[in-house]
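I opened this model to look up its fold, its core and a few side chains. My entries follow in the order I made them.

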Amino acid sequence: MRSLRAALLVFFVIGSAGCGTMPRIVILNDPLSAEEHLQLGLSYEAHHEWDQALSEYRKALEKGGPSSVILGYLGNVYYAKKDYPAAEEAYQKSLHGNPQNAPVLNNLASLYLIKQKELVEAERLVQRAIAADPTRKPYYLDTLGEIYLARAEYDLAFAAYREATQLAAADPALQQQMQERQRSVLELLDRNETAGSTK
């Protein structure tokens with residue numbers, strides 16, 4: 001089938017050239033599958049080539065790829081491009097197709113955190129992510145700690161980071177990051193206590 005398409009394309013180009021007009025390349029059909037477009041999108045995303053990644057994800061959707069998964073990736077790219085309304089829409093659509101998509105739940109919570117809105121809903125989203133995929137709990141606890149910090153709930157933030165530290169033994173970089181965040185929260189608590197005692 002591909003050789004037939006190629007032959008038709010060559011015929012079209014040669015035929016056009018023979019008529020005295022400039023040859024044009026015409027793509028008769030996209031030969032790539034949804035999975036191939038998805039893989040290309042992931043590759044572009046890994047290299048921060050956001051527009052190309054968006055294009056490939058859209059093509060994967062058009063080809064009937066798994067919409068919940070692809071919409072999650074689209075949301076991530078919009079997030080990276082700081083197009084937060086588009087990211088939120090993509091994440092919401094993704095969750096409509098799969099309400100238990102833990103990374104998307106967590107990423108939507110992170111988006112709300114950036115926008116400093118709906119922080120109660122953000123906490124619920126992270127709790128749902130933890131319930132849906134407990135294996136990634138340390139990473140989701142990081143988001144939860146940030147939400148508590150944004151709400152000035154320092155004790156809860158410290159507890160989230162401490163639990164994440166304990167659970168992150170397999171990821172030394174995350175463990176170190178969580179320890180640093182615990183120290184930052186302790187400094188905040190000390191400053192608040194000192195400020196309170198001087199009043």
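Helices (H or I, at least four residues) and strands (E, at least two) are DSSP runs, numbered from the N terminus. With that set, I read the elements from the N terminus on as α-α-α-α-α-α-α-α-α-α. I noted ten helices and zero strands for the chain.

Ground rules next. This is a predicted model, where local features need pLDDT of at least 70, side-chain atom pairs count only at pLDDT 80 or more, and totals for chains, interfaces and linings use all residues. Residues are numbered from 1 along each chain as its sequence is written, and side-chain values use heavy atoms, with hydrogens and water left out.

**Whole chain.** I looked up burial (buried is under 20% relative accessible area, exposed over 50%, partly exposed in between; 1.4 Å probe, protein chains only). Of the 199 residues in the chain, 34% are buried. The accessible surface (Shrake-Rupley method, 1.4 Å probe) is about 11700 Å², and carbon and sulfur atoms hold 56% of that. I then checked contacts (heavy atoms within 4.5 Å). Taking those between residues at least 6 apart in sequence, 43% join residues at least 24 apart.

**Core.** Which residues have the most contacts inside the largest nonpolar core? I used this meaning: a set of buried Ala, Val, Leu, Ile, Met, Phe, Trp, Tyr and Cys residues joined through side-chain atoms within 4.5 Å. The largest such core has 45 residues, and Tyr57, Leu74, Tyr78, Leu108, Val126 and Ile147 have the most contacts inside it. Among the helices that each supply at least two residues are helix 3, helix 4, helix 5 (84-97) and helix 10 (172-198). Helix 6 gives the largest share, eight residues. In soluble globular proteins, nonpolar side chains tend to be buried together.

Not counting residues up to four places away in sequence, Val126 touches Asn106, Ala109, Tyr140, Thr143, Leu144 and Ile147.

**Rings.** I searched for aromatic pairs. Rings of Phe, Tyr and Trp (its six-membered ring) pair if their centres lie within 6.5 Å; planes under 30 degrees apart are stacked, over 60 edge-to-face, the rest tilted. I found two aromatic pairs. Tyr57 and Tyr73 are stacked, 5.6 Å centre to centre with 15° between the planes. Tyr57 lies in helix 3 (residues 50-62) and Tyr73 in helix 4 (residues 67-80), so this pair ties together parts 16 residues apart in sequence. Tyr57 is buried at 0% relative accessibility, whereas Tyr73 is partly exposed at 27%.

Tyr79 and Tyr84 are edge-to-face, 5.9 Å centre to centre with 80° between the planes. I have Tyr79 as partly exposed at 21% and Tyr84 as buried at 19%.

I also looked for a charge over a ring (NZ of Lys or CZ of Arg within 6 Å of the ring centre and within 35 degrees of the ring normal). The charged end of Arg136 sits over the ring of Tyr139, 4.6 Å from its centre.

Is Gln182 buried or exposed? Gln182, in helix 10, is buried at 13% relative accessibility. Its side chain makes a polar contact (N or O atoms within 3.5 Å, one able to donate a hydrogen and the other to accept it; residues adjacent in sequence count only if both atoms are side-chain atoms) with the side chain of Thr165, at 2.7 Å. Leaving aside neighbours within four places in sequence, Gln182 is in contact with Phe158, Tyr161, Arg162 and Thr165.

Glu123 is in helix 7. Glu123 is buried too, at 19% relative accessibility. Beyond residues up to four places away in sequence, Glu123 touches Leu144, Ile147, Tyr148 and Arg151.
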